[in-house]
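Here's a quick briefing to read with the model open in your viewer.

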Amino acid sequence: INTLVQNNTELRLYYTSGQTYPFRQSMDYALGKYYCAPLTPQLSGWQQASKRAMDVMLSFLGLIVSSPLLLLCVIGIKSTSKGPILYSQERIGLHKKPFRIYKFRSMIVDAEKDGPQLSSERDHRITSWGQRMRKWRLDELPQLWNVLKGDMSLVGPRPERAFFAEQIQHKEALYGRIYITKPGLTSLGMVKFGYARNLDEIMERMRYDIIYLDNQSIFFDIQILLFTIRTIVLGKGI
C-alpha cells in the first residue's frame with residue numbers, strides 16, 4: 001500500500017456493502033516516514049455522547065462499588081512487598097498524546113531497571129499478591145480514574161508505551177490507526193487474546209484493535225464489556 005501511494009496510485013477500500021472508504025496518507029514525524037490507512041468510519045454524534053456518558057457513569061460507579069476491593073489490594077500490597085501502592089507509566093493515547101496510566105503495583109520495585117520489558121505468566125518480578133491481582137484483573141482498577149478523567153475510555157484499543165509502539169509501527173504502519181480514538185481500559189484484544197509476552201504477540205493482539213476500529217459502535221462496546229466481566233469472574237487474567 002505504501003509503495004502504491006508513493007507512486008501516486010489512488011486507493012479505495014471496498015466492503016461487500018458497496019461502500020467505499022478512501023485511504024489517507026499521513027506523516028509520522030516520530031518515525032520520519034509516510035504511511036497510509038483507510039479512513040475509519042466514525043461513531044455518530046449520539047453514539048459519541050453515549051460512549052462518554054457511559055464512561056463517566058460506569059467508572060464513577062465502579063470506583064464506589066469496588067472500594068472494598070481497592071482497600072483489599074492496598075492491604076495486600078503493603079503486607080507482602082516493600083514499595084509504593086500505585087504504579088504509573090506513560091502510555092500513548094488519543095492523537096498520540098502521552099498520558100500517565102495508573103495501576104496497583106504488582107511487581108517488585110525497579111522491575112524495569114534494565115529497560116522496558118513485557119511480563120509473562122511466570123515472570124519472577126511479579127509478587128505473590130501481584131499474581132492474585134492479575135488473575136482477577138484487580139491491578140487495573142485504578143485505571144477507572146483515567147477513564148473518569150477522560151484519558152481513556154472503558155473500551156478501546158490497548159494503550160502501549162512509546163518504546164513498543166515505535167517498534168510495532170516500523171513493522172506495521174497501519175498500527176497508527178489506533179490513535180484516532182481513545183485507548184481503553186479493556187479491549188477486544190484483551191478479551192480475545194489476553195496479555196502479550198513479546199512484540200509478536202502485541203502485534204497479534206493489535207489485529208483485534210483494528211477489527212474494533214472497523215466495527216465501532218456503542219453496542220459493540222457493551223458486548224466487549226460483557227466479555228470482560230466474564231473474563232474477570234472466571235479469573236482468566238495472568
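For sorting lining residues, Ala, Val, Leu, Ile, Met, Phe, Trp, Tyr, Cys and Pro count as nonpolar, Asp, Glu, Lys and Arg as charged, and the others, Gly among them, as polar. Keep in mind that this is a predicted model. Rolling a probe the size of a water molecule over the atoms shows where empty space is left. Here the count comes to two cavities of 30 Å³ or more.

**Largest cavity**
- The largest cavity holds about 40 Å³ of space.
- Its lining includes Ile92, Gly93 and Leu94, along with Pro157, Arg158 and Pro159.
- Ile178, Tyr179, Thr181 and Pro183 also belong to the lining of the largest cavity.
- By class, that lining splits into seven nonpolar residues, two polar and one charged.

**Second largest cavity**
- For the second largest cavity, the volume comes out at about 40 Å³.
- Arg158, Glu160, Tyr175, Ile202, Arg205, Met206 and Asp209 form its lining.

**Positive phi in a loop**
- Most residues other than glycine have a negative phi, and most peptide bonds are trans.
- His95 has a positive phi, near 55°, and isn't a glycine.
- You'll find His95 in the loop between strand S4 (86-92) and strand S5 (98-104).
- Is His95 buried or exposed? His95 is exposed, with a relative accessible area of 60%.
- Lys96 has a positive phi too, near 65°, again in a residue other than glycine.
- Lys96 also sits in the loop between S4 and S5.
- With a relative accessible area of 34%, Lys96 is partly exposed.

**Helix H6**
- Which residues are buried in helix H6 (residues 162-171)? They are Phe164, Ala165, Ile168 and Gln169.
- Looking down the axis of H6, the buried residues fall within an arc of 135°, so they line one face of the helix.
- His170 and Lys171 are exposed on the other side of H6.
- The cut-offs behind those words are under 20% relative accessible area for buried and over 50% for exposed.

How values were computed
Residues numbered from 1 in each chain as written. Predicted model: local features only at pLDDT ≥ 70, side-chain atom pairs only at ≥ 80, totals over all residues. Heavy atoms only, no water. 1 Å grid on protein atoms, 1.4 Å probe; cavity = no way out; pocket = protein on both sides within 12 Å on 5 of 7 lines; lining within 4 Å. Points joined across faces, edges and corners; volume = space filled by probe spheres on them. Helix = DSSP H or I, 4+ residues; strand = E, 2+ residues; numbered from the N terminus. Buried < 20%, exposed > 50% of the residue type's maximum accessible area, 1.4 Å probe, protein only. Arc of directions from axis to C-beta.
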